[in-house]
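Look over the sequence and the fold before reading on. The paragraphs below start with local details and end with the whole chain.

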Amino acid sequence: MDANQQTNRVQNERYQTTSEWTPQLLGQVMRFGFQNGVPADKLNAFQQAVYKDFSSATMDDEKEMDILLYKTAILKLPRFIGSEEAAEDMFRFPEDLETHKAILALDAPERIALTLHYLQGKRLQEISGIVERPELQAQEGLQAGFRQLQENLGIAHAAAVEKRLEFAGKSYGRIEFSMAESEGEAEIPHIPENTPMPAPVAKRTKVLLATAGLFLAGVIGASYIMDNARPDLPLTAAETENEDQLTVEMLEGWKQQYNKIRQSSPERLGIDEGVYNQLEYVKKADQQMERVLSNEHAEGMKNDKKKMQRQVDELMLQIETPKEMALLFSDAFLSSAETHKVLVNYALKTKELMLLSEEVLATNHEELAKVEVNGELSAEKLLAGRSDFTEEVQNLVDSLSERSLTVIKHPSEDRFITRRNMEALHSSNLLNNDYEASNYIGLLMNDPYFDEKGLLQPISQMPYILTSIERPLLESVDSSPLYQDFAAVFQHAFFLTLKGGDGQMVFDSQGIVKGEYQEAWKQMAEQSGNPLIYVMLPIIEEMEASGWTGSKSYDELEYDSILEALDMEKAGKLAAKLPNGDVAIEQQLIQLERHDFAATEKLYKDFSAQHDLAMLKNVQPLDVLLLFDHANSLGDAETMWHLLSGEAKPPLPEYKRIWRQQPGLKEYIKWIEVNEEQITRIGPRLHLYLSISPKDETVYPQFTPSLVMQGDATWFMQYHLYENYDLSGKESGYKKNVNALYNEFKESLDEKVLDKASPGEIAGLLLKAFEEENTAMLLLLFEEPEALEESYVLTQLSGRSVPHFSDALSAAFYSDSFYYGNGDGSIEHGSFQFEGPNDGADVEFNQLTMVKTPSGWRFGDLNMY
């Protein structure tokens with residue numbers, strides 16, 4: 001048997017026993033199939049079918065391979081897409097399940113374009129190659145899919161839809177897709193014995209492992225790539241005879257590789273060799289090298305070269321500089337446990353180098369204090385003007401990339417500090433496919449969060465930072481590196497946010513909690529998980545009662561209080577301790593066309609008589625929604641006002657003045673579903689986001705009502721203003737009102753005319769003034785007319801494809817149910833959405849932002865979304 005025949009036989013034998021792809025490729029294909037409607041129970045068969053066709057194809061480079069992979073998957077989709085609802089148990093958060101269903105409701109071309117871009121991370125050029133369409137057509141399909149998804153979700157803001165896609169992407173990443181447990185459960189393609197196999201290679205290249213390593217592992221077996229694409233010495237005769245065994249030559253080659261990396265590292269890192277030898281990560285790597293590459297260990301591993309190779313891969317990553325370590329992550333074949341272990345090493349390695357860098361910055365503080373732009377320290381100037389400083393500073397600047405560090409100004413002091421530069425790790429497919437590892441590098445990016453003097457972030461950023469740490473901690477096991485490394489960080493950062501540090505005083509000279517701390521604490525109780533909410537709610541309640549001068553709960557706060565709350569939540573014991581934590585709702589699904597509204601009519605008769613809120617205690621949320629809808633059908637704005645959540649709703653007279661009757665639920669909804677999975681906690685309140693099925697999915701916008709529980713087990717409708725007008729038929733009452741307002745306002749330009757107009761009617765005036773080119777009126781419809789130029793407004797409106805009022809097909813106004821803090825209070829925002837003709841054929845949807853001002857509703861910044 002010649003060498004080629006022997007190679008073919010060996011690889012065929014390995015292939016016969018290898019029924020799995022690499023984790024990266026397997027997850028990539030199965031996740032793409034799931035995102036496009038392949039049921040969970042068909043994913044194994046789907047990826048095997050893709051695998052079979054893909055493995056027989058000829059590919060020249062990694063770009064062609066990637067494109068071909070998706071082409072193959074797309075061709076297989078119609079055969080495996082099913083209609084069964086099998087995804088409910090695969091999502092932890094109901095919003096992500098809702099997004100998944102909304103994606104599946106898209107037409108295939110738009111759905112594929114959208115999942116490729118937002119969930120698979122493909123650029124427009126790549127999508128064009130995959131779907132074999134010009135880039136312009138691919139872009140149009142992507143935009144159409146995004147607009148349709150926005151309609152399906154009933155979300156006004158494009159940015160909110162993108163955020164939903166981001167969260168859904170993380171949920172998809174948490175789902176573990178695995179192969180069938182036995183070979184009989186999925187078809188495993190067979191490679192004929194005479195199929196040519198690549199000859200063994202002696203020298204690894206990045207292209208081989210970063211691309212072919214991922215794809216060819218599915219074609220010729222992962223073990224083949226692992227064994228041959230390495231920087232070892234050429235295979236010896238003994239190795240060719242039995243390539244599962246280690247050889248002396250291989251062991252020596254690994255030692256040479258390790259020593260080469262170690263000897264070149266001090267110069268690359270810009271530090272003295274003596275200092276380098278004292279680094280803890282270097283000492284630990286040396287110890288590991290002595291163990292892994294010892295003759296005794298090699299003797300024990302002599303018949304398991306594959307396992308030995310993985311240990312060597314890990315060793316090389318341990319001794320590499322952070323930059324090379326990050327780059328090599330994409331090339332390495334590491335298990336999840338191995339990945340996390342190496343990430344911990346990366347964290348400790350960069351931490352040591354950060355401390356060395358801080359010493360240089362501190363030693364040269366006086367000289368660096370002059371690196372200013374407009375009186376402020378400038379890291380950009382420091383990096384650009386390296387030649388102006390001492391050799392020590394120059395070495396630091398030159399080696400920042402190798403250290404995976406960057407220099408920034410201290411947030412509260414006039415000095416420079418360093419942070420990790422995580423760009424290379426963020427681009428690693430290996431890490432992006434590991435949900436916990438992805439969270440870990442996200443947290444590392446902002447570390448350290450404090451020093452011996454206090455927080456290293458402005459107090460205004462701490463609610464976001466603490467929440468970004470809290471969620472991964474809740475989702476990770478206590479033994480994981482993420483939990484062990486960041487539980488203590490979370491604990492101390494929280495305590496500093498509540499109690500302050502050196503030079504960071506919480507109370508002012510009058511003994512009152514400073515305004516920025518008040519705002520941060522309130523946000524921590526609103527925009528976070530149960531542990532932060534549990535600890536913060538009594539503190540805020542008591543502080544507000546005292547005028548922010550004191551709180552018993554604040555005084556009794558222990559250093560480990562937040563970790564105790566974290567432990568209770570992970571044990572499932574915390575939710576019941578929160579306001580209305582024991583509330584249960586009935587799972588209901590009603591078809592509005594067939595529903596008997598007799599109970600709703602009776603409830604309306606009883607409640608509308610006195611508007612006694614005690615009558616609503618323990619009433620199911622769906623009954624409150626139907627009651628609200630019934631009051632709307634009768635034009636009873638006062639009853640509707642009493643059913644709205646109390647937070648920031650306008651006084652009754654103002655609500656009645658701008659209220660306009662809206663289409664009933666039966667006019668645009670087929671069925672409504674309610675279950676406990678739809679409940680989300682925001683501070684002391686429970687929010688319930690309903691699932692609805694619209695009658696016509698082409699209607700825009702889709703309004704999705706939601707409810708809030710506040711107080712004693714009582715559901716209210718989430719406060720908002722909503723107006724929806726169909727302008728495609730004969731002249732409507734809305735058009736008559738807007739035309740009358742326009743004629744009256746045009747004569748006087750007195751803004752008091754607008755007092756009697758609803759927000760939607762004020763928005764209609766903008767379309768009318770734009771059509772009439774009445775720029776004087778246009779400017780008065782904006783929040784800050786004196787700061788605007790006529791040409792700017794006209795250019796922006798034209799660029800937004802704002803239609804003329806006479807051409808508009810629909811118009812809607814929807815106010816947000818949340819508010820944006822501005823330091824002195826809050827600002828209520830809303831959206832005006834309109835539908836106008838596009839080249840006389842298709843229609844185009846768009847929206848503009850509106851703001852509640854002391855004078856009433858006006859348009860905000862035209863660049864806001």
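Where is the place of proline 448? Proline 448 sits in the loop between α25 (435–445) and β5 (450–451). Helices here are DSSP runs of H or I with at least four residues, strands are runs of E with at least two, and both are numbered from the N terminus. Aspartate 447 and proline 448 are joined by a cis peptide bond, with omega about 5 degrees.

A word on the source. This is a predicted model, in which local features need pLDDT of at least 70, side-chain atom pairs count only at pLDDT 80 or more, and totals for chains, interfaces and linings use all residues. Residues are numbered from 1 along each chain as its sequence is written, and side-chain values use heavy atoms, leaving out hydrogens and water.

Now for backbone angles. Most residues other than glycine have a negative phi, and most peptide bonds are trans. Glutamate 132 has a positive phi, near 55 degrees. Its place is the loop between α7 (124–131) and α8 (135–153). Is glutamate 132 buried or exposed? Glutamate 132 counts as exposed because its relative accessibility is 55%. The cut-offs are these: buried means under 20% relative accessible area, exposed means over 50%, and partly exposed lies in between (1.4 Å probe, protein chains only).

Asparagine 374 is not a glycine, yet it has a positive phi of about 55 degrees. Look for asparagine 374 in the loop between β1 (372–373) and β2 (376–377). Asparagine 374 is exposed, with a relative accessible area of 79%.

Next, helix α6, residues 108–119. The 12 residues of α6 should span 16 Å at 1.5 Å a residue, and the end C-alpha atoms are 15 Å apart, which agrees. The expected span is 1.5 Å times one less than the number of residues. Buried residues in α6 include Arg111, Ile112 and Leu119. Just after α6, glycine 121 takes a positive phi of about 75 degrees.

Move on to helix α38 (residues 759–772), the place of lysine 768. Lysine 768 counts as buried because its relative accessibility is 16%. Which residues does lysine 768 touch, not counting residues up to four places away in sequence? They are Asn739, Tyr742 and Phe805. Contact means heavy atoms within 4.5 Å.

Finally, step back. The protein chain has 40 helices and 18 strands. Of its 865 residues, 51% are buried. Among contacts between residues at least 6 apart in sequence, 68% join residues at least 24 apart.
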